[in-house]
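Let me note down what I looked up, entry by entry.

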Amino acid sequence: MSDRTTQPAASDHTVAICNGNIYIDAPLYRRYFSGIDSVAVLAKDGDIALMPIHNSGAGGLMLKIRNADGDRVVHAREALEFAGVAESQELRTVPAWDSDIAALRIPMTG
């Protein structure tokens with residue numbers, strides 16, 4: 001049993017990692033990051049954690065609007081590289097919200 005409290009996102013909420021970018025679909029953005037413009041990207045126990053940054057002056061990586069549907073992309077090449085994710089690595093997975101660290105955890109296995 002895990003020490004952390006995670007709540008899996010609905011199976012239709014996905015995150016993709018490709019070419020140093022993190023792609024977040026619009027429903028997932030609205031559920032966990034509505035009104036948030038930037039996130040911190042951290043390596044956490046073999047996963048990637050996206051932590052919302054509520055104060056825009058605090059920095060972080062921008063959640064850029066990708067299309068008219070409201071999908072988002074985070075250009076996170078350096079943060080992913082630092083976390084050990086190769087730029088060529090491609091992954092699509094269902095993340096989970098980790099209430100212990102207030103972050104969306106992206107499993108690094110599909």
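By contact I mean heavy atoms within 4.5 Å. I am working from a predicted model.

Entry: I started from isoleucine 22. Leaving out residues up to four places away in sequence, I found that Ile22 touches Val15, Ala16, Ile17, Val41, Ile48, Leu50, Arg72, Val73, Val74, Ala76, Leu80 and Ile106. I then looked up the largest nonpolar core, which has 23 residues; Ile22, Phe33 and Leu50 touch the most other members. Among the elements that each supply at least two residues of this core are strand E3 (21-24), helix H1 (26-33) and strand E11 (103-106). Helix H1 gives the largest share, 4 residues.

**Entry: the sheet.** I traced an open sheet of 5 strands, ordered E7-E8-E3-E2-E9, with antiparallel pairing. E7 and strand E9 (91-93) each have a single partner strand, so one side of each lacks a neighbour in the sheet. Between E2 and E3 I noted 4 bridges. I looked up alanine 16 too: its bridge partner in E3 is tyrosine 23.

**Entry: a charged residue.** Next I went to aspartate 71, in the loop between strand E7 (64-65) and strand E8 (72-75). Is Asp71 buried or exposed? Aspartate 71 is buried, yet has no salt bridge. The nearest side chain of opposite charge is arginine 66, 4.7 Å away, and the cut-off for a salt bridge is within 4 Å. I did find a polar contact from the aspartate 71 side chain to the side chain of asparagine 67, at 3.0 Å. Beyond four places in sequence, the contacts of aspartate 71 include Ile24, Ala26 and Lys64.

Terms used
Residues are numbered from 1 along each chain as its sequence is written. This is a predicted model: local features need pLDDT of at least 70, side-chain atom pairs count only at pLDDT 80 or more; totals for chains, interfaces and linings use all residues. Side-chain values use heavy atoms; hydrogens and water are left out. A nonpolar core is a set of buried Ala, Val, Leu, Ile, Met, Phe, Trp, Tyr and Cys residues joined through side-chain atoms within 4.5 Å. Buried means under 20% relative accessible area, exposed over 50%, partly exposed in between (1.4 Å probe, protein chains only). Lys and Arg count as positive and Asp and Glu as negative; His and the chain ends are not counted. A polar contact is a pair of N or O atoms within 3.5 Å; within protein, one must be able to donate a hydrogen and the other to accept it, and residues adjacent in sequence count only if both atoms are side-chain atoms. Two strands pair if DSSP finds at least two bridges between them.
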